[in-house]
Amino acid sequence: MIFRQLFDQTSGTYSYLLASRRGGEALIIDPVLEKVERYLQLIRELDLKLVKAVDTHLHADHITGLGALRDRTHCITVMGERTKADVVSMRLAEGDKLQIEGVALDVLYTPGHTDDSYSFRMADRVFTGDTLLIRGTGRTDFQNGDARAQYDSIFGKLLKLPDETLVYPAHDYKGDTVSTIGEERACNPRLQVKSVDEYVALMASLHLPNPKMMDVAVPANMRVGMAQDEIARRGWSVSAVQAQALVGRPDTAFIDLRERSERAKHGVIPGSLHAPYPDLQDNLRAGGMLHALAAAAPKRMLFYCAFGERSAMAVQAAQDAGLASACHLQGGIDAWEKADGALVSAA
Ligand SMILES: [Fe+2]
């Protein structure tokens, strides 16, 4: 496995690059905007393909690198389903898996520091965001923080993991890089409490100043969605209502770009084809499925995904590949469901 812990000195943020092999797919957790060039350089040096950029929660102390990484690499942006960010490509819930080639992380909902805080667990390690830090815990006094919820997340979920599980937090200000669940249970001063009430009182007594970047970072991090206006201006967008009239028409092919797990969970538009977003370039190439589909009959190709972001990137790629009929469902399945569009279970 390839694993890199990267540090942003200004905000004390750790970001994590993960891949199963050289030449394979990679994901990055909690990237910082100012460090994007550094990540891209490392990704090139290790011959990796960045396919997912993930934030554990909406950060208040730095601007996320999610949007910049998506714009530079066309990767998928990922956050938990409780996020207040305007658009991310994919939203995960507890019990889902965060997957790339050869790597699968369990998603744990661990609110408390914020109400959109998630942890991601592999066999031997857990990425705890700001829920559990090394000899500390994330503050709970803003962004819908809740010390009671954090106590439950830590004692009810994270400390239930095996003692030897490595703990990789989103921040450290002392120079520590990694801990374990057993070590934190024994030595973390915030966890030496006898009850949830004692923990709540402890957190209430901290009186921390707001992060310097907060007024800039929070609004910026809530607007990470890509600008889709240009796609719409070119006539490549179809609204959920317009798209409903196209279901079952022989001149239109609905193409689902989502992952198998998203299809199983939310259902699919009747009669649609499955062409997962990570395979898009292969599918658009001569010999690829979408290339063949376009060559076989003059069909309108209507891409869709969860929120319209992957499909917007796919339209651009398809148009660049010469498929002039490509368009996308604006707002994705989320908009489709809100417009009462019909869904069937994935085959
Ligand atoms: Fe945070």
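1. The largest pocket is lined by 31 residues, and Ser-11, Asp-61, Arg-139, Tyr-173 and Pro-211 are the ones nearest its centre. A pocket here is an open set of points on a 1 Å grid over the protein atoms alone, where a 1.4 Å probe fits, with protein on both sides within 12 Å along at least five of seven lines; lining residues have an atom within 4 Å of a point. The model is predicted: local features need pLDDT of at least 70 and side-chain atom pairs pLDDT 80 or more, while totals for chains, interfaces and linings use all residues. Residues are numbered from 1 along each chain as its sequence is written, and side-chain values use heavy atoms, with hydrogens and water left out.

2. The volume of the largest pocket is about 690 Å³, a volume being the space filled by probe spheres set on the grid points, which are joined across faces, edges and corners. Its lining has ten nonpolar, 13 polar and eight charged residues. Ala, Val, Leu, Ile, Met, Phe, Trp, Tyr, Cys and Pro count as nonpolar, Asp, Glu, Lys and Arg as charged, and the others, Gly among them, as polar.

3. The second largest pocket has a volume of about 580 Å³. Of its 29 lining residues, Thr-73, His-74, Cys-75, Tyr-277 and Gln-281 lie nearest the centre. Two or more lining residues come from each of strand E4 (49-54), helix H2 (66-73), helix H10 (280-284) and H12. Helices (H or I, at least four residues) and strands (E, at least two) are DSSP runs numbered from the N terminus. H12 gives the most, with five residues. By class, this lining has 13 nonpolar, six polar and ten charged residues.

4. Helix H12 covers residues 309-320 and reaches 17 Å from its first C-alpha to its last, close to the expected 16 Å; the expected span is 1.5 Å times one less than the number of residues. Ten of its twelve residues are buried, so H12 is largely enclosed by the rest of the structure. Buried means under 20% relative accessible area (1.4 Å probe, protein chains only). Among the buried residues are Glu-309, Arg-310 and Met-313. Gly-322, which follows H12, has a positive phi, near 95°.

5. The iron ion has His-57 (NE2), His-113 (NE2) and Asp-130 (OD) as protein donors, 2.1 to 2.3 Å from it. Donors are N, O and S atoms within 2.8 Å of the metal (3.2 Å for Na, K and Ca); water is not among the atoms, so sites may look incomplete. The donor spacing in sequence is H-x55-H-x16-D. His-57, in the loop between E4 and H2, and Asp-130, in the loop between strand E10 (125-129) and strand E11 (132-133), are 73 residues apart. Both His-57 and Asp-130 are buried.

Key. Buried means under 20% relative accessible area, exposed over 50%, partly exposed in between (1.4 Å probe, protein chains only).
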